[in-house]
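Q: Hi! Could you walk me through this structure in plain words? I'm new to this.

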Amino acid sequence: MLYVSQLINALQLGSIYALVALGYSMVYGIIKLLNFAHGDVIMVGGYIALFSLTALAFPPVIAALITVAGCTLLAVIIEKLAYTPLRFAPRLSLLITAIGISILLQNLAQLIFTANPRSFPTQMLIPAGSITLGGIQLGFVPLITIFASLLSMAILTFLVQKTKLGKAMRAVSEDMGAAQLMGINVNTIITFTFALGAALAGVGALLYAAGYPRIEPTLGMMLGIKAFVAAVLGGIGSIPGAMVGGYLIALLEVLVISMGLSQWTDGAVFLILILVLMVRPTGIMGRIQMEKV
Amino acid sequence: MGKHDPRTPLIPERDQDKRPVMECVGLGIDFGGLTAVDDFNIAIGPTEICGLIGPNGAGKTTIFNLLTKVYQPTRGSMYLEGIDTRHMNTMQANKAGLARTFQNIRLFRELTVLDNVLVGLHNEMSYNLGKAILRLPAYWRSERIAKERAMELLSIFHMQDMAYHKAGSLPYGSQRRLEIVRALATNPAVLLLDEPAAGMNPAETEGLMENIKKIQETFQIAVFLIEHDMHLVMNICEGVAVLNYGRLIAKGTPAQIQNNPKVIEAYLGTGGGVADA
Amino acid sequence: MKQFHIPMPVRYGMNTILIIALLLVGHLLMESGVLPRAHANNVIQVGFFIILAVSLNLTAGYLGQLPLGHAGFMAVGAYVGAIFWRSGLLPDGASIVVGLLFAGLVAALFGVMIGIPALRLRGDYLAIITLGFGEMIRVLINNIPTVTGGAQGLLGIPRHSSFLVVYICVVITCVAVHMLMKSRHGRAILSIRENEIAAESCGINTTYYKVMAFAFSAFFAGVAGALFAGNLGILVPGEFGFMTSINILMIVVLGGMGSMAGAVIAAAILTSLPLVMQGLAHFHVISYLPGASEHIVRYILQWIAQHRMIIYALLLIIAMIAKPTGLLGNYDFSLSRILEKLIRRRNVGKAEKGGADHG
């Protein structure tokens, strides 16, 4: 019985990691940028959700839509203002810019909302309660988290695999120059990718806030880093890889915690990261890329 | 021309009785099941200038990458002055006597011209880290000698005056020449030049040809070059190897190659002739 | 025409005199009590941030990687130094030197450990692995309280970081890194940044030099960590988080990756900014400003002092977009070069006069 509830925990956390990891993975796949600010977009999403539920007293569905839209808008603004001018700059400059954005968002949040954590009213988003299935009690929050993530990922997979826009996305990530020659508007596709990743981050923000109801300016940092680890573990640039990586990392964390070593969870995650990168730098589902000489 | 006798008739007479400086036997590499180069055999005399030609995509640069251990061959062996290079990496291949230039110039762009050459002279200097930090006499002596040597090498191409310019700021032709100087600085036995005349005008190419000959004569080393400029190849190479679809299709003197029907076919399809030879 | 050059021994002599003069001025200011406590402490802080920035510059600027775990090496050095000093094994003078060396060496060992994955990974992968490494060190320190005091902190560390000690360490760091970079070993490190494949084919042992750069960088970060411990007297693992690494990186990037002078200047400015802004806000000249502007100026200054991270982050982004080479690019300050230029200009002036006489 204990195992089942641990498994549910892992699935809940893993769903969130997977959603966030997808954002990292897609952006990395398309412009080879480790988008450091992605975690902080989730933090902003957390605050948007908080205020649209409390101060603005919107119904849950509206609040959720506002959160997703807010995250998307923020990511697109960041992309247009900070990343687009650096399209042809060295990748290191782009990475440093992303770090700069991350610090900026964190400190602006601190300035506006103060560094004190605020508790998130989970019941206003997802009603408290549970169903009992075969003697096992399943809370609404983990259930909805898992379900909503799977649904989001299914929609994403459909978008990427079946639509024209998705095909263009894959083409750009394969070879930007060739895609451009084929008449694909690369800028639009890149913006679209950021938007898509941020929309998933918005969903992630809602589910994270509901499951771990503590909103603070540094919320996105560890979550972001761990999701990135998940993306690397699964094979960065690979969409199924990011999902697999997300669930694996969560499973690892829950495992470490259940062994009574909760102090070591962060350490374990990074240890896995280092081991994976040493043994198989392309991750579980990534492809090897060779430098042309 | 026997397949298993890679020497004749490439090696010039003066080198015939000496051991070849570089020898490849059945060298080949596959990329993910696709054979890029197969059964590459060649032997190069210690002071020979040898050309490697072939249509685009024939695998010429891949061969250079195999020789310099940027790629490890899937099969076959390569010997440098008789030593098997099987377990070497790029750095060790260089120390064993192989220096190269790159088709898409790879200079240390933010460093000065002089520093580029000094990096080439890295292994000619021997002072250790402690001596460097404490600035012991060994440092000063070694640096002075290296700088003089670097200037001397730069003077081959009359580039001494550019010594303190950033390498990335040089005009294209000078960048190609600097790459040759840098390669020479590593004191090689074989100099590999990947399209040295690319992007040069006819006058510059003429000068380059003279310089390649001069280098071969003064340093008494072998030069193995990839080039599309037939004028250059036919004039300075003593032996020419022709590659098509990853395989050697002909080897011989420039004159033999010009009249080889297989070569003509590879370049022009059936029923043509090698133009401008 | 042969250009005028100041001979090497004279250059070294000049620089030595400059270093000693600065030491004397600093020592006098610090020990006489002229400087308020906060300012004196700021000077010390500038000292170890210079060491941290110059050492990070070795890997970030010269080797061309982006390590995000520099605070990890600093933490290792801080705890090793603190534990050694607390043990009181040696008399004070010797203890300071041995403790600093020990802190540096253990940190360097960790540097080698992180340098090894650096062999296979580059760019953002390396960045994330160093980040993970830094965090792991923090987790480790938190979880071995018998050695490190854990989250409670390590107390009662002897206050060994006097101005003299910090200053000497700063000088040694800068001189050692400079001497390294202006040697065949330094050129090898630069060549890896510029073009790794070309470096290898020039016979550079890239493996060796990458690990060496990381070890060197970690060594000095460890020394800075020990100085940090000896300044505060207490250590808590929270000091060495990701944000500290980012702070150091920010100094290096804003100063100009690959410029030692830039790292030194940026370390001084960025570390002192809050204090300077506070000082300006209380500067009496401001009270002469007309009407409300006095309050506005004062408010802005205090706002900057409080929220400097927002300014730094904006600067970082703007710098990357406008001038990716940073404050000073890879320009390096040289006293001799400035003098040479001045002398040359005078000589040119003379020569022109002489020429006119002849004509």
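A: Happy to! One definition to start: two residues are in contact if their C-beta atoms, placed from the backbone, lie within 7 Å. Also keep in mind that this is a predicted model.

Q: Got it. So which strands of chain B does helix α1 lie across?
A: Helix α1 of chain B, residues 60-67, lies across β1 (22-31), β2 and β4 of chain B. Relative to β2(B), the helix runs at about 70 degrees.

Q: And in what order do the strands of that open sheet come?
A: The order is β2-β1-β4-β5 in chain B, four strands in an open sheet with antiparallel pairing.

Q: Which ones stand at the edges?
A: Those are β2 (34-44) and β5 (83-84) of chain B. Each has a single partner strand, so one side of each is left without a neighbour in the sheet.

Q: How many bridges join β4 to β5(B)?
A: Two bridges do that, with β4 covering residues 75-80 of chain B, and the strands run antiparallel. If you'd like to find a pair on screen, Leu80(B) has Ile83(B) in β5(B) as its bridge partner.

Q: What does β9(B) pair with?
A: Strand β3 (residues 49-53) of chain B is joined to β9(B) by four bridges, and these strands run parallel. There, Cys50(B) stands opposite Gly239(B). β9(B) also pairs with β10 (residues 247-252) of chain B, in the antiparallel sense and over five bridges. In that pairing, Ala241(B) stands opposite Lys251(B) of β10(B).

Q: How many residues are between β9(B) and β10(B)?
A: There are two residues between them, and the two strands form a hairpin. In the turn, Tyr245(B) has a positive phi of about 50 degrees.

Q: Zooming out, how is chain B divided into domains?
A: Domain 1 takes in 1-97 + 189-277, while domain 2 is 104-187. The centres of these two domains of chain B, taken over C-alpha atoms, are separated by 27 Å.

Q: How many residues are in contact between domain 1 and domain 2 of chain B?
A: Eleven residues of domain 1 are in contact with ten residues of domain 2 of chain B. On the domain 1 side, α2 (90-95), β7 (190-194) and α7 (202-219) of chain B each supply at least two residues. The largest share of that side comes from α7(B), with four residues. By class, the domain 1 side has five nonpolar, three polar and three charged residues.

Q: Now the other chains: how many residues do chain C and chain A bring to their contact?
A: Chain C brings 32 residues and chain A brings 35 residues. On the chain C side, α4 (92-120), α5 (123-143), α11 (242-255) and α14 (308-322) each supply at least two residues. α5(C) gives the most to that side, with 14 residues. The chain C side divides into 24 nonpolar, five polar and three charged residues.

Q: Last one! Which residues touch the most other members of the largest nonpolar core?
A: Ala53(C) and Ile251(C) do, in a core of 284 residues. This core also draws at least three residues from each of domain 1 and domain 2 of chain B. Leaving aside neighbours within four places in sequence, the contacts of Ala53(C) include Ile248(C), Ile251(C), Val252(C) and Gly255(C).

Technical notes:
Residues are numbered from 1 along each chain as its sequence is written. Chains are lettered from A and ligands numbered from 1 in the order in which they are written. This is a predicted model: local features need pLDDT of at least 70, side-chain atom pairs count only at pLDDT 80 or more; totals for chains, interfaces and linings use all residues. Ala, Val, Leu, Ile, Met, Phe, Trp, Tyr, Cys and Pro count as nonpolar, Asp, Glu, Lys and Arg as charged, and the others, Gly among them, as polar. A nonpolar core is a set of buried Ala, Val, Leu, Ile, Met, Phe, Trp, Tyr and Cys residues joined through C-beta atoms within 7 Å. A residue is buried if 20 or more other C-beta atoms lie within 10 Å of its own, exposed if 12 or fewer, and partly exposed in between; C-beta atoms are placed from the backbone. Domain bounds come from an automatic or database domain assignment. Two strands pair if DSSP finds at least two bridges between them. Axes are lines fitted to C-alpha atoms, for helices over the stretch in contact, and angles run from 0 to 180 degrees between N-to-C directions.
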